[in-house]
Amino acid sequence: MPVPVPELGAYNYVPETKEDLDWADLTTLDFSLYGTPEGKKQLAAALIKAVREDGFFYVKNFNISQERVNCQFSIGKQFYDIPLDEKLNLDPVSGLRDRIEIYNIPKFNGHFKHEHPELIRHHLPEIEEFARSLHSEVLDPLHVLLAIALELPEDYFKNIHKYEDHLRYMKYSKFTPEENVQIGKQWARGHTDLGSWTLLFRQPVAALQIKNHTTGEWKWAKPQDGTLTVNACDALSFLTGGYVRSTIHRVVSPPKDQEHVDRLGLLYFSRPHNDVTLATVKSPVLGRAGYTQNVFEQSGNHVPTMEEWTFAKQKWQRTKNATRGDPKFENAQILPGFSEKVYA
């Protein structure tokens, strides 16, 4: 039984930019087609093309109302109105860095006890329902479609992604025009995400850029009404021997007509179970295409589990006193056979 939508007031989105930016031409998956075998086949073909060529794509008609999305943005806004010193005492894996504030809400399985602030505690039933809906209405279909595209049993990826996700409220505080110039107009440098999929809800402040797999060009990701923006991540790249490519993306300073506002993000991160070994799956499609070994298998090194990979990448991400341009950080070997990279 759905919980009532909380009385949080309307969330007012920032007007979209009027600047003529170099937008990426991304595929949109319409989940209204998902209910038939032919529709699934069509969506699977579109999905594999998107993750091979662009890495990012949109999903629409995913059975979660805009009202509930607005509710989550409203919770995020009210959370970030809490004084900063109070927020910094809440959660050691959340925090503030480079004017980026992060608050993670882990999976609701009873194993992760958090001392949430009153605002979050009050709305946990809605937050939990929202998070679980993202798994069932978006991630499960994506896993089925990927399995179809790779000629695997439809439940293959669902079985290793039962529930290893977390929700994030994220705030990028604005810089002055002069500060933006000083930092090269980059709020978060080019990187990949560690899991399987990242879901990003429509954010009208233009700042997300993606690096095209084919051309290497950076393009702006355009906000699309009623959609999720989705990108493929490291774990799927390992599991498919590099056939699905982890998407390089960055956050830059917004165009001039949005430079004066903060950027509030609502994200959802998915990854395989901790005990899953990130070896290349035995897929007829991958075999025919020659993608039978990932970077660890090719080098003869130990293939990490998802837990080992997560700890290694997060340890690197949280490196203290890391400075921009430091090659010891930006090209660090985080596991035998794998070196990270920060992209300009």
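Predicted model: local features only at pLDDT ≥ 70, side-chain atom pairs only at ≥ 80, totals over all residues.

**F57 and the cores**

I started at F57. Leaving aside its neighbours within four places in sequence, I found F57 in contact with L26, T27, L29, L47, A50, V51, L142, W197, L228, T229 and V230.

Next I looked up the largest nonpolar core. It has 76 residues, and F57 is listed with L134, W197 and W309 as the members that touch the most others. Which helix gives the most to this core? I found helix 5, residues 124-149, with 11 residues.

**Cavities**

How many cavities of 30 Å³ or more are there? I got two. The largest cavity holds about 110 Å³ of space.

I then checked what lines the largest cavity. There are 16 lining residues, and Q203, A221, K222, P223 and T229 lie nearest the centre. Strand 7 (197-201) and strand 10 (227-232) are the elements that give two or more residues to this lining. By type, I wrote down nine nonpolar, four polar and three charged residues for the lining. T229 was already on my page, as one of the contacts of F57.

**S246**

Then I went to S246, which sits in the loop between helix 8 (234-239) and strand 11 (249-252). Is S246 buried or exposed? I put it down as buried, because its relative accessible area is 14%, and the cut-off for buried is under 20%.

The side chain of S246 makes a polar contact of 2.6 Å with the side chain of D234. Leaving aside neighbours within four places in sequence, S246 is in contact with T192, D193, H213, A232, C233, D234 and S237.

**The second largest pocket**

S246 turned up again here. Of the 19 residues lining the second largest pocket, D234, S237, F238, S246 and F338 lie nearest its centre. The space in this pocket is about 380 Å³.

I asked which elements give two or more residues to the lining, and found helix 8, helix 10 (295-299) and strand 14 (338-339). Helix 8 gives the most, with three residues.

My last entry is the make-up of this lining: five nonpolar, 10 polar and four charged residues.

Notes. Residues numbered from 1 in each chain as written. Heavy atoms only, no water. Core = buried A, V, L, I, M, F, W, Y, C linked by side-chain atoms within 4.5 Å. Buried < 20%, exposed > 50% of the residue type's maximum accessible area, 1.4 Å probe, protein only. Helix = DSSP H or I, 4+ residues; strand = E, 2+ residues; numbered from the N terminus. Contact = heavy atoms within 4.5 Å. 1 Å grid on protein atoms, 1.4 Å probe; cavity = no way out; pocket = protein on both sides within 12 Å on 5 of 7 lines; lining within 4 Å. Points joined across faces, edges and corners; volume = space filled by probe spheres on them. Nonpolar A, V, L, I, M, F, W, Y, C, P; charged D, E, K, R; others polar. Polar contact = N/O pair within 3.5 Å; in protein donor to acceptor, adjacent residues only side chain to side chain.
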